[in-house]
Amino acid sequence: MWTFSIRLLLLSVTTFSNAIHYQFDTDGNAIDLTSAKIDHLGGTYVWYGLPFGCGQAFCGITSYSSSDLQTWHFNGFLFDPNTTAIQTLCSAPLSGNCGRPHIVYSKQNNNYVLWVNQASPGYLLFTSNNPTSGYTMLQDRALVGFQPPGPFQAGDFSVQTINGTGYLAYSLIDFTTTGASIWPPFNQSIYFQELTPTMLNTTGSVSHVVSTALDLVDFEAESPDIFQRGDYFYISASNTCGFCTGTLLIVYRSKSIAGPWKRQIISADTCGGQTTGVLSLPSPSGGPTSYLHIADLVNSAPLSGTRNAAHGHQLQLLSFNHDGTINELTCSPTQTFTVSLRRGSNVSSTGRATSATDTSGELASWTPTCNLPTSQLYQTWASSKTGTLSEVGVNVAGDAPTGNLTLTIFRYQSNRDFFTPHYIWETLTTVTIPPSNISQAFAVVRVPVGKAVAEGDRLGLALVSLSVTPMCVLIKTSKDVMFDVETSTRTLFANGAGQVSLRGRDGTKPPVNVMAGQEIKWYAIVV
């Protein structure tokens with residue numbers, strides 16, 4: 001019984017759903033990562049990559065940790081992104097922008113090695129004793145076994161350890177093939193090579209990862225990742241895709257790193273995104289390993305731009321056949337996947353959102369909706385606790401908004417108040433958020449309140465934007481939630497910008513509408 005209890009503590013059962021596009025940290029912020037990888041590092045699961053919420057080509061490299069791949073704690077930057085040296089290296093045009101970062105553990109040096117894509121030759125390296133912080137840049141770069149002189153550059157890549165040996169898969173960009181009016185921008189194909197025991201360089205011969213077809217699919221391959229299952233080495237990849245809204249999901253496999261390689265296309269458009277990698281999940285009970293595919297769902301982003309922070313992600317289990325082939329990726333929004341995994345350790349699961357008094361919740365099928373400034377929004381709820389309302393938070397994203405966002409926290413008496421002319425609510429606080437404080441990701445905008453509330457008080461959050469360009473919120477919808485003017489407490493009301501008078505053929509319709517069954521993503525803390 002004791003042994004069984006210990007095993008239960010080390011096991012998590014996690015369900016992934018194609019309907020869930022957005023994941024959040026414990027403070028309620030949407031995971032702001034692009035070209036990111038999930039690895040098991042330092043005893044837990046670490047999701048790391050490029051945040052684009054700042055609206056620049058390089059905002060840094062950040063990470064999140066989780067014990068169960070469901071609840072994520074924000075760790076911060078792997079290194080200071082704002083030094084002159086880092087900005088010079090990572091912000092330069094056509095430099096790779098320190099993209100597709102990958103971390104590998106060096107058993108020989110007992111440290112973590114961070115590889116990033118930054119110009120030529122090869123790759124820029126950092127090391128740290130901690131997988132999620134404190135990385136220091138090295139002077140020596142990691143070189144690759146095949147990079148001819150001239151207009152050839154190592155691009156997207158992955159490093160991974162399999163059975164104690166490190167491997168590199170990289171796309172070699174051939175800039176001699178540029179010049180097409182529309183597409184493709186250049187040709188590129190994948191190479192595979194072993195790493196030195198220090199994980200700081202490559203060694204040995206290079207394998208060219210192409211199929212017998214030797215077609216444009218092979219020579220537009222990028223964003224590779226590496227894993228092993230049974231006798232096969234696998235390299236997952238996409239076709240050339242500049243943060244696009246869907247591209248091929250390719251998988252190569254071979255029983256030898258030298259090849260030959262067999263190729264599959266297992267998705268026509270990666271469910272509207274681009275692959276970022278595959279996480280191997282050994283069974284905690286000694287069963288077969290599971291393989292979790294991760295993708296940037298760029299088509300979920302409501303805002304424009306090639307480096308878009310407002311997109312979601314898809315986490316989906318891969319399904320294999322007896323011959324080593326992989327079944328086609330499932331894009332149906334009703335599809336779910338459940339996996340047992342080893343529980344990570346030393347990760348905080350508490351934060352402002354996860355410990356909030358009242359909240360819309362984190363795990364839901366959130367949809368981005370850019371109805372600010374065309375509408376003014378009013379989200380209501382009933383306080384479940386007596387005390388001091390210390391803070392209210394709401395997820396908002398905007399792409400270079402031109403005006404302020406005003407947030408008002410108020411107390412009201414009845415749902416009828418929204419339909420009553422000249423009604424005046426009790427204002428608890430009002431804050432004005434300038435455009436510079438609006439992230440391009442769905443970050444939480446925090447509103448300090450500091451006012452007394454009682455259990456059962458009807459409270460509301462009003463959002464009014466003066467921007468010409470859109471601002472967006474996250475909304476979940478339930479067809480089973482009906483509005484009752486007397487009893488409903490969690491309701492989203494809206495009225496169009498400037499709609500401040502009666503409407504309708506008979507002149508009796510109020511300008512405020514009930515968004516039946518809808519709720520924006522928010523939380524409130526009462527202490």
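**Disulfides of the predicted model**

Cys241 is buried, its relative accessible area being 7%; here buried denotes under 20% relative accessible area, exposed over 50%, and partly exposed the range in between, computed with a 1.4 Å probe on protein chains only. This is a predicted model, in which local features require pLDDT of at least 70 and side-chain atom pairs count only at pLDDT 80 or more, whereas totals for chains, interfaces and linings use all residues. Residues are numbered from 1 along each chain as its sequence is written, and side-chain values rest on heavy atoms, with hydrogens and water left out.

The partner of Cys241 is Cys244, to which a disulfide joins it at an S to S distance of 2.0 Å; a disulfide is defined as a pair of cysteine sulfur atoms within 2.5 Å. Cys244 has 22% relative accessibility and therefore counts as partly exposed. Because the torsion about the S-S bond of Cys241 and Cys244 is about -115°, this disulfide is left-handed.

Cys54 is partly exposed at 44% relative accessibility, while Cys59, at 11%, is buried.

Cys90 and Cys98 are likewise joined by a disulfide, with an S to S distance of 2.0 Å. Both Cys90 and Cys98 are buried, and their link is left-handed, with -70° about the S-S bond.

These links belong to a set of five disulfides in the structure. Counting bonded cysteines along the protein chain, the disulfides follow the pattern 1-2, 3-4, 5-6, 7-8, 9-10.
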